[in-house]
Structures are given as C-alpha cells and as structure tokens.
Amino acid sequence: MADEADIYDGVRSQFPLSFGKQSKSQSPLELIHNATRRTTSTAAASTTVGPADDKPSASEGANSLPPVSSSSKDWVDAFRKPNPKNSKRSENGDKLLMGPPRPPTGLDKGDRIMIGPPRPPPPAGGADDEEEEDEPVVGPPRPPIGGDVEDGDDDDEPVIGPPRPPPSNIESDSEEDMDEEDEDFGYRIPVSNEIVLKGPTKVVSALAVDHSGSRVLSGSYDYTVRMYDFGGMNARLQSFRQLEPSEGHQVRALSWSPTSDRFLCVTGSAQAKIYDRDGLTLGEFVKGDMYIRDLKNTKGHITGLTYGEWHPRAKETILTSSEDGSLRIWDVNDFKSQKQVIKPKLSRHGRVPVTTCTWDCDGKRIAGGIGDGSIQIWNVKAGWGSRPDIHVGNGHTDDITALKFSSDGLILLSRSLDGSLKVWDLRQMKEVLHVFDDLPNNYPQTNISFSPDEQLFLTGTSVEKNSKTGGLLCFFDRVKMELISRVGISPTFSVVQCTWHPKLNQIFATVGDRHEGGTHILYDPTISEKGALACVARAPRKQSVDDFQANPVIHNPHALPLFRDQPTRKRQREKILKDPIKSHKPELPMTGPGFGGRVGSTKGSLLTQYLMKQGGLIKETWMDEDPREAILKYADMAAKDPKYIAPAYADTQPETVFADSDSDEEKK
C-alpha cells in the first residue's frame with residue numbers, strides 16, 4: 001500500500017495552487033525588530049558616552065549630543081559585541097577558535113585543502129599490516145600506537161579531531177577577567193530598539209511595572225490611568241483598560257504590591273485608592289477633618305497627596321505623603337484610619353508640604369523629602385515616633401522630587417527641581433558624596449532608578465524653553481561617579497519617570513507635554529526577554545466581514561435642559577418646514593371630501609347637499625345669528641301652544657307659588 005503522503009501529493013497535483021486554504025505569510029523577527037530599531041540620529045545619541053564634564057556645544061542641532069570621547073570608545077564597541085560571558089578569551093585577549101581549524105589561505109589551485117580530521121598515519125610495515133590494508137576499515141581510525149606521549153613530542157605526533165584548547169587558556173578565567181567581563185556586561189544598555197505606548201493626551205507623570213514584567217501602569221495629567229498587558233497586547237500597543245481614579249485630579253504616583261495582585265493609585269486629592277490587578281476598585285482611604293489643627297488627631301490627609309509607595313515586603317502596608325505636611329502609614333484592610341502618623345521636623349513654623357517619600361529595600365527605614373529642601377530618615381522600630389533619626393537641613397535648594405535607597409543600604413539618591421542629582425552616603429550624611437548638575441527638571445514627579453546590578457543609576461531631564469536639547473535619559477556610574485551615557489528619548493518632550501526592569505532587561509521612560517504623552521520602552525533583542533519582544537512580534541487581528549460594532553444613539557427628550565442635546569440646525573430647519581405658517585406653505589388643492597368651509601363643508605357631505613347649497617336652496621344662517629336670540633324667538637309660541645312637555649302635566653301640575661322676598665330692593 002502506498003504511503004499516505006504520496007497519495008496526498010498525487011491528488012494535490014491535480015488541483016491548482018490557489019485551491020484550498022492558503023497559509024499566511026509571517027514576517028521574520030529580523031524584519032519586525034528592524035522596524036522598531038532606533039534611527040541613526042537617535043542611535044548616535046544613545047551611544048554617546050563621556051565624562052561628566054562633557055557638555056553639548058551651542059552650535060549643535062536640536063537632537064545633537066556630546067561626541068564620543070576617546071577614553072570611552074572601548075565601551076561603545078561593547079554594544080556591537082556578543083555577550084562576553086558566552087565567549088572564552090586567551091591570556092593575550094584574543095578569542096579562542098572553537099571547533100575544527102579553518103583551512104589555510106593563499107594556496108594554489110593544484111593544492112588540495114584537507115577538510116575534516118587528518119588521516120591516520122601509514123602502518124609501520126609487516127605481513128600483518130599488509131593483510132590489514134586489504135581489509136576494509138569500519139568506524140573511526142585507530143589511535144596511534146604508543147599511549148603516553150610526552151609533551152615535547154606533541155608536535156611530531158598527528159592530531160586526530162579538532163585541536164585541544166591550550167591548558168593555559170582554561171585557567172585564564174581568573175578573577176580579573178571575570179571582573180572585566182562583568183563590567184562590560186553591566187555597561188551594555190538595551191537601547192537598540194524602541195516602541196512607544198501612546199494614548200495619554202498630557203504628560204505621563206506616573207509609571208509602575210509589576211514584578212513579573214507582564215503589566216504596565218501609566219498615569220497622566222489628563223486624570224486617567226491606563227493599563228497595558230504584554231501578554232494580550234498586539235503590535236498596535238493599545239491599553240486594555242482606562243481608569244479615572246479621581247475626577248479633576250492629576251495622577252501622581254502608582255505602586256504595585258509585593259505580590260502584584262493590587263496596586264496603589266495616588267492623585268492630587270486627599271484620598272488614595274486601591275485597585276485589584278484588573279482595575280476594579282477595592283477601597284478608598286478616609287479623608288481627615290480639615291478643621292483640626294493637630295495632624296495626629298485627624299483620621300487621614302486633609303490636602304492633596306504628593307507621593308505613595310507600597311511596602312516592599314509587607315503586602316498590607318503602604319506609605320503616603322501629602323501637602324498637609326505629614327507622612328502616614330496605612331493598612332489596606334482598614335480604610336477608615338491610619339496606623340502611624342509622621343510629622344517631620346521643620347525649620348520654620350506652619351505647615352510645610354512633604355514632596356516625596358520612599359521605603360528602603362527591606363522596609364526598615366523611611367525617607368521623606370520636605371518642601372524646605374531637607375531630607376529626613378526614620379528607622380522603623382519598636383516605639384519609634386516622629387523625631388527623625390537622620391536630618392539633613394540643606395539637602396537641596398528647591399523641592400525634592402524623588403528619593404531612592406540602594407539595595408545594600410549604603411547609598412541614598414535624591415533628585416530635585418533645582419536641576420541636580422545628589423548621592424549621599426548613609427553612613428555619613430553630613431556631607432554629600434557627589435553632586436551632578438545641569439540636569440533640568442520641571443516636573444515634581446521626576447524620579448531616579450537603578451540598573452538591575454545597581455552599578456548604574458539613571459534619571460530623566462526636562463526640555464527647557466531656550467535649549468536645543470530634548471528630553472534625555474542620563475546614565476551614571478556608581479563606582480566612578482561620572483556620567484557615562486546620554487540617551488535621547490524625544491526632541492520635544494520631557495522625560496519624567498524611568499525604570500530599568502530587572503527581569504525584562506528593558507528600560508521604561510515616560511514623556512509628554514501639555515498636549516501629548518507616551519511611554520517609551522527601550523530594549524535589545526539579543527539581551528532583553530519577553531515584555532516588548534512578545535507584543536511587537538504579534539500581528540493585530542484582521543477585521544472580518546462579520547464584525548459589527550453598533551454605535552447606539554440615546555435620545556432622552558425629558559432630560560433637564562443642562563443634559564439635553566442641543567438641537568442642530570438641520571433639525572430646526574426640518575421642524576420649521578413642518579409648520580405651514582412659519583414656512584409660508586401654500587394650500588394644496590383638495591383631492592377628497594372638503595372641510596373647514598371649503599368644498600364639502602363636512603367630511604361626510606354628499607354631492608346633492610353641495611349642489612343645493614350652491615343653488616341657494618339650502619341656506620345656512622346660523623353662523624350669522626346670535627344663539628340666545630334664536631332660542632327666545634320661540635318663547636311666546638311655546639307658551640301659547642305647548643306641544644310636548646306642558647300638555648302632559650297640565651292636569652297634575654301644581655300651581656306655582658313663589659316665595660316672598662324680604663329684601664328692600666325687591667319691594668321697591
């Protein structure tokens with residue numbers, strides 16, 4: 001019996017190629033990633049590396065950035081090299097050749113190139129050897145005679161198979177080489193490709209990516225929160241849900257819980273909200289009494305919130321800061337009251353707003369940025385109060401927009417509206433460790449973020465009025481304390497929020513202005529995982545003929561005038577045309593029975609009645625007479641000659657007796 005595949009091929013050959021279901025052509029991943037690759041000008045900006053002293057000249061264009069310094073060209077070349085952890089190097093720095101050696105070059109046409117392992121040596125001679133030559137050889141050739149060979153004779157003996165790597169290279173993975181490889185890998189920033197999550201109509205001021213990297217939250221000044229799911233999102237990059245937490249209030253902060261099943265939303269109102277993973281409201285914290293002077297006696301914040309963050313370990317605890325000058329710790333299971341109220345130490349009387357707050361990586365310390373420029377840190381321990389354990393009076397000259405602890409608990413980063421980023425040593429907070437200036441900042445939500453290995457930290461810059469430089473992402477080396485790279489994100493928009501996700505190895509940056517906003521995702525297909533790679537390669541679903549989406553129009557004629565739809569000019573014209581008086585419509589000729597004084601005075605008139613009326617035989621004078629006079633003209637006739645009622649009661653009707661009137665007027 002013939003094979004089923006042969007039978008199918010034989011039957012299929014009788015039909016044209018266009019017959020049957022056609023397979024869809026799929027675009028290769030290389031073409032997809034080439035479409036999202038950053039442009040030449042942007043790529044040049046993304047690989048700009050230099051010390052912190054390098055500044056762009058005034059003659060450069062709007063998108064131009066500082067040139068590559070000679071001391072950093074080796075780092076720039078690391079972008080084009082593969083992962084150094086996947087390659088071996090010799091002591092001299094040359095890459096080892098894995099596999100069989102390449103054929104020599106420069107041979108004549110007559111020379112033959114040996115491909116594969118070398119042939120075995122000829123036999124030494126003898127009767128037995130001659131007999132073996134006649135027999136066919138099955139399997140690989142036998143190894144040469146003489147098991148142990150000294151190292152000095154290795155060059156004389158033939159080599160079977162690929163050459164062995166030198167023993168010295170195996171031991172070349174010393175601590176110095178590993179440190180160099182780790183350093184090169186740490187500087188490999190995923191900025192080769194870029195996608196943009198659009199939708200907001202104003203600047204995106206809040207960003208949160210869950211710990212698994214599957215969902216992204218973005219909050220904007222247009223009062224909305226948009227939710228994106230990489231698993232269900234296609235190449236159109238559209239959000240699957242849009243929320244408006246508090247009407248008329250900007251979204252200022254978003255934070256996921258440690259288990260990523262809920263998230264915190266902080267707006268310009270005095271009440272923070274908790275949502276589940278799908279965007280359903282779980283609760284809203286209570287608002288305090290604004291007439292109580294002492295903030296410790298109020299049940300909640302009394303003015304707008306500035307920032308909020310979930311506890312990194314405890315999934316029931318969150319921290320919020322407000323313009324009323326307090327920090328509060330809440331329990332998400334009780335929305336009616338807070339757990340702890342923290343009043344910072346102030347240099348002057350009155351209420352000074354707390355502009356930002358944060359937890360450390362273990363949740364054992366709280367840092368707050370105060371409106372007077374001070375930085376205060378509290379240790380969370382038994383019996384702790386509002387008195388700060390660390391107080392830095394002159395941290396910044398303007399409002400502090402972000403604070404960030406390192407995971408080892410040694411460094412604290414602070415960002416401010418004064419255009420600076422400061423690095424603090426938590427072991428000695430009296431003096432700043434390093435200051436990075438010339439980082440313009442116009443948004444109170446501009447933050448700082450660490451790289452996954454925390455060897456780098458990054459922040460965004462704002463666009464100034466008279467500057468030709470757009471919004472940038474600036475990367476700094478934690479060890480050398482210098483600026484190593486500026487990545488151009490947008491020539492016209494400011495960069496507000498940024499984060500480097502450790503699992504995805506992708507960089508998120510939010511941008512925008514008063515008219516438009518978006519979230520840029522930078523990635524590299526060779527070193528990034530999931531996230532943007534999953535949704536970019538997923539083509540959108542084609543619209544079918546059967547797809548139908550109705551757009552219902554709701555008419556409510558009895559609504560209040562405030563909510564009633566204003567009539568359009570077309571509708572007004574149609575209403576006027578239906579009115580014969582306003583439209584001055586001429587009377588149409590009668591085609592049937594007449595009425596209203598016209599042909600056939602009644603709808604049921606006959607032809608004979610019409611002719612008699614026209615001839616004068618039937619006269620209708622009742623329309624010209626007074627009805628009272630028409631009735632009274634028969635009064636005398638009815639009294640003299642009654643016909644109907646009076647004769648019937650003439651014999652039985654009693655005599656009418658009228659009562660005498662007592663009034664004087666009637667007597668007169």
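Of the 668 residues of the protein, 37% count as buried, a figure that comes from a predicted model. Among the contacts with a separation of 6 or more, 52% are accounted for by residues 24 or more positions apart.

**Cysteines**

- A disulfide is a covalent bond between the sulfur atoms of two cysteines.
- The count of disulfides in the protein comes to 0, and C474 is accordingly in no disulfide, the nearest cysteine sulfur being that of C498 at 9.6 Å, whereas a disulfide would need the two sulfur atoms to lie within 2.5 Å.
- C498 is likewise in no disulfide, and the nearest cysteine sulfur to C498 is that of C474, 9.6 Å away.
- C474 is buried, with a relative accessible area of 2%, and C498 also counts as buried, at 2% relative accessibility.

**A four-stranded sheet**

- An open sheet of 4 strands is arranged in the order β2-β3-β4-β5, and the pairing within this sheet is antiparallel.
- The edge strands of the sheet are β2, covering residues 204–209, and β5, covering residues 241–243, each of which pairs on one side only.
- From one strand to the next, the twist of this sheet averages 20°.
- Strand β2 is joined by 5 bridges to strand β3, which spans residues 215–220, and these two strands run antiparallel.

How values were computed: Residues numbered from 1 in each chain as written. Predicted model: local features only at pLDDT ≥ 70, side-chain atom pairs only at ≥ 80, totals over all residues. Heavy atoms only, no water. Buried < 20%, exposed > 50% of the residue type's maximum accessible area, 1.4 Å probe, protein only. Contact = heavy atoms within 4.5 Å. Pairing = 2+ DSSP bridges. Axes fitted to C-alpha atoms, helices over the stretch in contact; angles between N-to-C directions.
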